Structure formats: structure tokens, C-alpha cells
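Here are my notes for your review. They cover a pocket, a cavity, the ligand site and a sheet.

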Amino acid sequence: MDKNIQFQNYGARGNWVANEWVPAKEGKTISIISPYFDKEIATVPDSSATDLDAIVDRAQVAFPGWAATNIRDRAQIMFRFKTIMENDIENLAELIALDNGKTVADAKGSIQRGIDVIEYATTIPEVLKEESSQVSAGITCTMTHEPLGVVAGITPFNFPVMVPLWMIPLAITAGNCFILKPSEQTPLAGLQIAEYLKEAGLPTGVFSVVNGSREAVEGICDHIDIRAVAFVGSSKVAKIVYTRSTAVGKRALCLGGAKNHIIIVPDADENSTAKGLLASSMGSAGQRCMAASVAIGVADIDPIIDQMITETKAFQLGADMGTIVNKQALDRITIYINEAVKMGAKLLVDGRNITPPAEYQDGYWLGPTILDGVDPDWPCAKEEIFGPVLSIIRADTIETALKIENNNQYGNAAAVFTTSSQVAQTIAENASAGMIGVNIGVPVPREPYSFGGWNESKYGHGDITGRSGVEFWTNLKKVTARWPESTDTWKKYF
Ligand code: NAD
């Protein structure tokens, strides 16, 4: 059993401005509900464009001093930030669980992946060291990466600490002042980042938090003094944020939704494939952009499916899997299952109407669900469900399987389970996705490799982590120099 999640009400939280919590000016608030208890655990401001203006003003005051701070001193703060987070990982994981519905173990794993990005940020003095060479006789060119100014990040509900950490360490170590707009569904753990950064010695105004929803996001897109915005969330909003931000000349990188396919061929190892498929589709209750949502079985893979069904039945809610984030999401996912069954899908495992764990009777629970015989054109095969639902499509050949994968509008991840290197290579070369797994169901690239998808899983150029992420938050400056022959008197000493 996972660690018990304790109910607690954190009261009214504020925005983080100039290293302290302040209420929003107009006093509108958003109620934060725990998906384990169906009860309010805090309120946060529903900030207006005026609240945002005040935050941007403070960040602009901080920018020149921060940009002028030696890059090694900026990186030193990341070393301290990393240690502070590691020391508080248990508390933070419990807060994520209460706020978001993950298990504590799952929350802890996600924090660790965020800490990996902080670790990478400590290497930025090396990553961004200036490049210089002689480009012509007597002429040198020197290239440096310069910070952009005040920048912002808008994040989704499903990884309340990891996704903000894809952005914050890279942006601020590169010399920018960063404003976070966390998800209004799960803001609490992200707010802790502010306290950690203050403790690590980050100067006032370099990091700020604006809580809120649509108005705060639109304010960020439209604000001409915010030079760049990174967004992670659904494709619908990613596209809106990208279009609106770039319309005012802002740099934007907007990561969207996903529909990830796993292709399974009969030579795949039965045991590890069943486990890998299950972990990918049901981990985090399917609420991750790297989750497998469709399994394409080429020819006869029934022994693998049978083993997966057996393992699914041993799944314990509250231990192997947490809750769905809110009641609306639970209803939306259930409708996808109902519709698929009506259309003729075979329900191999049904997660509806399961018995909730005794301690969390009021939580938003849905068990693992597996649908077989799914048609590639059905909504459950095409649209992002974002829940613990796996649709199995049967295909005769690898070519057909690839065609189905290629036809989906998204392109975050794809994977293949096989013992044949030739099959693996064919899928890796031809799948239309930015992150490919070979016998790995959640192929998140670890640092220094970068995270990012293709197609409608991303609007904008480049990836959000790794070197690509650092480059997003900087401008290149090239200084070309020729030094004339000197007539200075010191020449005589040569
Ligand atoms: P969402 O798009 O609803 O919300 C993301 C952010 O956008 C939030 O901060 C929210 O306040 C804001 N927002 C929501 N509606 C808005 C609107 N109409 N106008 C302006 N701003 C708005 O996403 P979510 O439900 O919080 O998160 C789940 C989605 O995020 C899934 O689609 C998932 O695939 C995606 N996701 C993608 C990645 C990735 O790396 N590609 C990672 C994590 C999550």
C-alpha cells in the first residue's frame, strides 16, 4: 500500500511577488479540491491582467542585476536548490498526491525527474560557454548566449512540479526573470518551488508566481514586456497560446496533447512486454502525455494480452494507481469507455464502478480499462482520453501498424516491443513521433537529451529541455572584431 494521504486545508494562498506571498488585487479566488477527498484544500487567487502587470514590473526591475550576475554564481543557486528539494522530497510528494491524486511513490518519481533538470542547469556555464574563432585573417568572431528578459511558463495539472522544472532552472540560470502560471487545478506543490528558490538565495523578483486561469494566461500572451512563453497542456490551448503570443512578437514553445501508440509483434518478450504496456497505459492513472493509449497488436499477440489482463486484475487502487484529477475528467473518460462498448469494442478489463479504497471513499476513482477489437477510426482510438484506458487495435502487418500510428494527429511518443533489431529499427525510423521507445513504454529522454514531440503535440520550434531548452531562453550575440596594428609604445618590448 502507498503511504497514507492526510487531509489538510492550506487556506488562502497568494501570488509570489518580490519573494513574498501577496493576495490578488481584486480578491477573486479559485477553490482547490483534493481528488482523494472531494473536499477543498486551499484557495488561490484568480489573478487579473492588473495583478500580472504588477508582477512583470517587479521582474523587470530585477532583470538587469540578475543578467549581470556571473553565470557561475547563478549556477551555484541551482546546486543549493537541488539539495533543498532533495531534502524535502517526502513532504512535497505528499502535497502533490493530496492536490493531484497521484500516489506518493509516483509523485516522488516525478519530482526526481524534475530534479534531473536542475542538475542539468548546474552545467549551463559549460553548455553556454562562449565560442570564438578566427574567421578571417586577423578577424575573430565570438558568440555568446544572452538572456531574453522577463519570461513566463504556463503548466498543466498532471505534473505540478516536474513540468515547471522543465522550464524554471534553465530559464533563470540562463539569466532571465521567470513568471510561473501553475495549473489552477493543482497549484499547491508548484508554489513550494518559490520557497525553495528563496532559501537557495535567489534574488527578489527573479522568480514569481501568478495564480489564475484563462485571464492570467491571456495576460501573459498579450504582455509585450514578457519576451518568451513556454506552455505545456492540451493541444487546443497550446495552439491558442502559440498563436496569441507570437502575434505580439513573443517567442513561444507550446507542448500539447498526445495519443501514443505501442506496436507489439509476436516475438516480443511476454513478461516484460505485458508489464511495460501496463505501466505505460495505467501509470499515473493514464494522465500523462507519455502514456500508451493505443496498443497495435501485429498478428497473434494474445499470450501477451492474456498476461496483461492477469496482472491488471492484481492492480490495487491507491497503491499502484491514484485517482482521476476531477469529477469532470472522470465523467469524460467514462463516456469514452461507454461509447467504445456501444460501438462494439470488447471490454477485456472494466475499470468502471470499482470499489474505492476504504480511506478514500469520496475520491474520483477509475480502475484500469482495456478495450479490444477497436477500430482505428473510433474516438477512443483517435482522441486523447487522458485516463487509464488502453485501446487494442489488431493489424496484420507492421506496415499497417505504422500506417495507423502515422495517421494520428499527435506525435509525442511511440514504442515497439520486439526482440528483433530489424523490427525495432523499422518502427524507430518510420513512426511519426519525437520520442521513440524500444522495449520501453514511457520513452522519456533523460538529460542531456531533450523532451519534445512532433505534429500537433507541439507548436513552435525546438524541445523544452536539454540544450534545446536552454537555447529557447536565450538570444545569440556574435561579435566580429579586427584589431588594427597598434602604434602603442609598448610594442618596443616585444
Ligand atoms: P490544459 O490545456 O487544460 O491547461 C494547461 C494550462 O492552460 C493551465 O495552466 C490552464 O490554466 C491554462 N488554460 C486552460 N484553458 C485555457 C484557455 N481556454 N485559455 C487560456 N488558458 C487556458 O491542460 P491540462 O488539462 O491541465 O493538462 C492535460 C493536458 O496537458 C493533456 O492534453 C496532456 O497531454 C498535456 N500535457 C502535455 C505534455 C507534453 O509534454 N506534451 C506534458 C504534460 C501534459
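Which helices each supply at least two residues of the lining of the second largest pocket? They are α3 (89-100) and α7 (188-199). Keep in mind that this is a predicted model.

1. **Second largest pocket: lining.** Begin with α3. This helix gives the most to the lining, with 5 residues.

2. The space in the second largest pocket is about 210 Å³.

3. **Cavity: count and volume.** With a threshold of 30 Å³ or more, the structure has 1 cavity. The largest cavity holds about 110 Å³ of space.

4. **Cavity: lining.** There are 15 residues around the largest cavity. Gly 286, Arg 288, Ala 291, Ser 293 and Phe 386 lie nearest its centre. By class, the lining of this cavity splits into 7 nonpolar, 5 polar and 3 charged residues.

5. How many residues are around the ligand? The number is 26. Those that come nearest are Lys 181, Glu 184, Ser 234, Gly 256 and Glu 384.

6. Two side chains belong here. In Ser 234, a side-chain N or O atom is 2.6 Å from an oxygen atom of the ligand. In Glu 384, a polar side-chain atom also lies 2.6 Å from a ligand oxygen atom.

7. **Ligand: contact to a nitrogen atom.** Side chain or backbone: which part of Gly 256 lies 2.7 Å from a nitrogen atom of the ligand? The backbone does, through an N or O atom.

8. An open sheet has 3 strands in the order β5-β6-β20. The pairing is antiparallel. At the edges are β5 (131-136) and β20 (474-482), and each pairs on one side only. From one strand to the next, the twist averages 25 degrees.

9. **Sheet: the β5-β6 pair.** In general, strands of a sheet pair through backbone hydrogen bonds, in a parallel or antiparallel way. Here, β5 and β6 (residues 139-147) run antiparallel and are joined by 5 bridges. For a specific pair to check, take Ser 132: its bridge partner in β6 is Thr 142.

Methods
Residues numbered from 1 in each chain as written. Predicted model: local features only at pLDDT ≥ 70, side-chain atom pairs only at ≥ 80, totals over all residues. Heavy atoms only, no water. 1 Å grid on protein atoms, 1.4 Å probe; cavity = no way out; pocket = protein on both sides within 12 Å on 5 of 7 lines; lining within 4 Å. Points joined across faces, edges and corners; volume = space filled by probe spheres on them. Helix = DSSP H or I, 4+ residues; strand = E, 2+ residues; numbered from the N terminus. Nonpolar A, V, L, I, M, F, W, Y, C, P; charged D, E, K, R; others polar. Pairing = 2+ DSSP bridges. Axes fitted to C-alpha atoms, helices over the stretch in contact; angles between N-to-C directions. Near = heavy atom within 4 Å. Polar contact = N/O pair within 3.5 Å; in protein donor to acceptor, adjacent residues only side chain to side chain.
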